[in-house]
Amino acid sequence: MEKTIAQKTISVNEEGYLTNFKEWNKEIAEEIAKENNISLTPKHWQVIDYIQDEFKKESPLSIRKIGKSGVVDIKAFYELFPVGPLKTATKIAGVPKPASCI
Amino acid sequence: MSEYNGEIRKMMIILSKASIENVYAAFVLANGARMEGIEAEMFFTFFGLEAVHNKKLDHLHVATVGNPAMHMPTMLGGLPGMEAFATSMMKKEMEKLDMPEVREFLEILKASGVKLWACKLAMEMFHYEKDDMFPELDGVLTVGDFYKQASGIGTHMLFI
């Protein structure tokens, strides 16, 4: 399906995840963050950069991995993205929802 | 199914066993709840206490006896070393799936905001003190206290 966000029409799935990472930009990220009641700080951006790097490397994400990233620890990750952090952070980063159970 | 369309808001997970497959099931469910934005609290009772006993939690085993899914004759499962063997096999497989060890998993749960409670009655039965337990344990509760923790709409309770 399509969604207009930050004056741009992008394709998203039924849960609101971008289906084409190439359509992502920072304004879109800001908008999705706002929909999730988050205003992005430099620390959020560091996490988003990390998530996008891992996505580009096709390396699967998990909470444990985020904790070992050196970018943020698990506690701080939950503080940055309080409700379902991995789901929310990946949505903002424009990458698919991780399929991991851990 | 009226409030919040029946959405789960909080999971209260009671762990009464310390075989590693049960401990992991409980931990994955608690962590999975937090990953979905659902609150989670765990209550460790009877043998489940071993999963938060500081000296025991690093040495939990798979149950090889009385576990039909092991596809192993019960007599064989009881042989010396069999539990250790099955446990090391299982740990290897879990590491491949990026599953942390019990202690690291407890640390992840705490960092994720899961509350960890020990059952007062079971603590007394096993003569354990709070100091014997995983340092980040939130406290020792009676059943009544635990039910109080569970209050609120959309709470579900699970016994393992």
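At the start of helix α1 of chain A, a side-chain oxygen of A:Asn25 comes to within 3.0 Å of the backbone nitrogen of A:Glu27. Helices here are DSSP runs of H or I with at least four residues, strands are runs of E with at least two, and both are numbered from the N terminus. The model is predicted, so local features need pLDDT of at least 70 and side-chain atom pairs count only at pLDDT 80 or more, while totals for chains, interfaces and linings use all residues. Residues are numbered from 1 along each chain as its sequence is written, chains are lettered from A in the order in which they are written, and side-chain values use heavy atoms, with hydrogens and water left out.

Stay with α1(A), which spans residues 26–35. Which of its residues are buried? They are A:Ile28, A:Ala29, A:Ile32 and A:Ala33. Buried means under 20% relative accessible area, exposed means over 50%, and partly exposed lies in between (1.4 Å probe, protein chains only). These four cover an arc of only 135° around the axis, so they sit on the same side of α1(A). The arc is taken from the directions that run from the helix axis to the C-beta atoms. An α-helix has 3.6 residues a turn, so residues three or four places apart point the same way. The buried residues of α1(A) pack against β1 (2–5), β2 (8–11), α2 (42–56) and α5 of chain A. Just after the helix, A:Asn37 takes a positive phi of about 60°.

Now turn to the interface. The contact (heavy atoms within 4.5 Å) takes 17 residues from chain A and 16 residues from chain B. Chain A and chain B bury about 1400 Å² between them, and carbon and sulfur atoms give 56% of that area. Buried area is the accessible area (1.4 Å probe) that two parts lose on being put together, summed over both. Of the area that chain A buries against chain B, A:Arg64, A:Tyr78 and A:Ile102 supply 50%, more than any other three residues.

Charge also crosses this interface. Four salt bridges are counted between chain A and chain B. A salt bridge is a side-chain nitrogen of Lys or Arg within 4 Å of a carboxyl oxygen of Asp or Glu. On the side of chain A that touches chain B, the elements giving two or more residues are α3 (63–67), α4 (74–80) and α5 (85–93) of chain A. The residues of that side divide into nine nonpolar, three polar and five charged. Asp, Glu, Lys and Arg count as charged; Ala, Val, Leu, Ile, Met, Phe, Trp, Tyr, Cys and Pro count as nonpolar; the others, Gly among them, count as polar.

Take one pair in particular. A:Lys68 and B:Glu104 meet in a salt bridge at 3.7 Å, N to O. A:Lys68 lies in the loop between α3 and α4 of chain A and B:Glu104 in helix α4 (residues 102–111) of chain B, so the pair joins two chains. A:Lys68 is exposed at 57% relative accessibility, whereas B:Glu104 is partly exposed at 21%. Salt bridges link A:Arg64, A:Lys68, B:Glu95 and B:Glu104 in a network.

Other salt bridges stay within chain B. B:Glu93 and B:Lys96 form one at 2.9 Å, N to O. They are three residues apart in helix α3 (residues 82–96) of chain B, so about one helical turn separates them. B:Lys120 pairs with B:Glu124, again with N and O 2.9 Å apart. Both lie in helix α5 (residues 120–125) of chain B, four residues apart.

Technical notes
A polar contact is a pair of N or O atoms within 3.5 Å; within protein, one must be able to donate a hydrogen and the other to accept it, and residues adjacent in sequence count only if both atoms are side-chain atoms.
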